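Me: I'd like to go through this one and ask what stands behind the labels. Can you take me through it?

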Amino acid sequence: LIFPSVFSIAERKVRLDSQQDDKSLYVLCRRWVANDPEAIEEKSRQLPMHPALPPPEPACSPPPEPDLSSPTPEDPSNLTHKELLSQHKRRFEKIRDFESSKRRIRHKRFATRLAMLLPPQTSSQES
């Protein structure tokens, strides 16, 4: 036979049973704050259930990698400052475009799921 133990701590009561070893400290503390040692866990305190999200669209092939090979000579010290800067800008633009296309593909894949999770945009949020 197992006898429940009700302890009084700072004029509040909490029940500790050996059968309730699976109860977390958080649950015990919540019962202690409520000062109700006989409290039964309410299922209504759980988060509201949302409808299941549809699966994401199948992944499509990623865009082709940009050609980042440099048409410059082996020795960049022969290049002027403006030439080096323009080469770096072209390289940066290729990489930026590639990453943007990957991001657009990812957004398109998960758009229906995002629309279900995010609140609808009002006209003031769109601008």
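Reply: Helices here are DSSP runs of H or I with at least four residues, strands are runs of E with at least two, and both are numbered from the N terminus. By that numbering, α1 is followed by Asn35, whose phi is positive, near 55°. One caution: this is a predicted model, where local features need pLDDT of at least 70, side-chain atom pairs count only at pLDDT 80 or more, and totals for chains, interfaces and linings use all residues. Residues are numbered from 1 along each chain as its sequence is written, and side-chain values use heavy atoms, with hydrogens and water left out.

Me: Which elements does the protein chain have, and in what order do they run?

Reply: The protein chain has 3 helices and 2 strands, and from the N terminus on they run β-β-α-α-α.

Me: Why is Leu117 called exposed?

Reply: Buried means under 20% relative accessible area, exposed over 50%, and partly exposed in between, with a 1.4 Å probe and protein chains only. Leu117 has 58% relative accessibility, so it counts as exposed. Its place is in helix α2, residues 81–117.

Me: What makes Pro64 exposed?

Reply: The relative accessible area of Pro64 is 69%, so Pro64 is exposed. Pro64 sits in the loop between α1 and α2. Its C-alpha atom is separated by 9.9 Å from that of Lys102, 38 residues apart along the chain.

Me: Which residues are buried in α1?

Reply: In α1, residues 25–34, the buried ones are Val27, Leu28 and Arg31.

Me: How do you know that they line one face of the helix?

Reply: Take the directions from the helix axis to the C-beta atoms; the arc is that of those directions. Down the axis of α1, the buried residues fall within an arc of 100°, so they line one face. The face turned away from that buried side carries exposed Leu25, Tyr26 and Val33.

Me: What covers the buried residues of α1?

Reply: The cover includes β2, residues 12–16. For the whole protein chain, buried residues make up 9% of the 127 residues.

Me: How far apart in sequence are the residues that touch?

Reply: Contact means heavy atoms within 4.5 Å. Among contacts in the protein chain between residues at least 6 apart in sequence, 40% join residues at least 24 apart.
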